[in-house]
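Subject: A structure for you to look at

Hi,

Here is the structure I promised to hand over. Please open it alongside this email, and I will walk you through what turned up.

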Amino acid sequence: MESRIERLCIERRLKMTGQRRIIARVLSEAEDHPDVEELYRRASTLDARISIATVYRTVRLLEEKGILERRDFGGGRARYEATAHGHHYHLIDADSGRVIEFTDPALEAMLHSLAARLGFDLVSMRLELFGRRAATNGEPTQETAPHPLAIGPRR
């Protein structure tokens, strides 16, 4: 069965080698935002013949074709996620690098309203918030109670 990223590659007429299929599958199955080294580690467990150079070339090609988006969440490493991943935003823990994806219709409406007040129709948006965990004074933390807007903790 083809992964979502494999289907996008085929739609964009990319040649799908066995190694590209593995890399696409690993990216499609990722529940986080892997960097190239982590992607290599995961892919090479499935096919030991995959080289780090192949992973770098494949990621660059998928980015050029608009299949992957590069994200900079700090820490000096580019991380990747599939494009058209739906409207979502990122909250990055500045201490651990943990990424929490979330949606918020009220926030989205406010941003559209703000753009309209400034005379613009909003066509795209990207929001990356960086923060540190606040002192909880005995209240539940993210580890014990998921954020109500989170669509999945990502690392």
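Below are some notes on one helix and on the salt bridges.

Before you start, please note that this is a predicted model: local features need pLDDT of at least 70, side-chain atom pairs count only at pLDDT 80 or more, and totals for chains, interfaces and linings use all residues. Residues are numbered from 1 along each chain as its sequence is written, and side-chain values use heavy atoms, with hydrogens and water left out.

Let's begin with helix α5, residues 105-117. Helices (H or I, at least four residues) and strands (E, at least two) are DSSP runs, numbered from the N terminus.

Which residues of α5 are buried? They are L107, E108 and A115. These residues cover an arc of only 100° around the axis, so they sit on the same side of α5 (the arc is that of the directions from the helix axis to the C-beta atoms). P105, A106, A116 and R117, on the other side of α5, are exposed. Here buried means under 20% relative accessible area, exposed over 50%, and partly exposed in between (1.4 Å probe, protein chains only). The buried residues of α5 pack against β3 (89-93) and β4 (99-102), a contact meaning heavy atoms within 4.5 Å.

At the start of α5, the backbone nitrogen of A106 has a side-chain oxygen of D104 within 3.0 Å. After the helix comes G119, with a positive phi near 90°.

Now for the salt bridges, of which the structure holds six. The term means a side-chain nitrogen of Lys or Arg within 4 Å of a carboxyl oxygen of Asp or Glu. One of them joins R25 and E6, with the closest N and O atoms 3.9 Å apart. R25 lies in α2 (residues 18-29) and E6 in α1 (residues 4-11), so this pair ties together parts that are 19 residues apart in sequence. E6 is buried at 2%, while R25 is partly exposed at 29%. Together with R21, these two form a network of salt bridges.

Another salt bridge pairs E38 with R42 (2.7 Å, N to O). Both lie in α3 (residues 36-46), four residues apart, about one turn of the helix.

Finally, D47 and R49 form a salt bridge with their closest N and O atoms 3.1 Å apart. D47 counts as buried at 8%, and R49 as exposed at 66%.

Best wishes

Definitions and conventions. The expected span of a helix is 1.5 Å times one less than its number of residues. A polar contact is a pair of N or O atoms within 3.5 Å; within protein, one must be able to donate a hydrogen and the other to accept it, and residues adjacent in sequence count only if both atoms are side-chain atoms.
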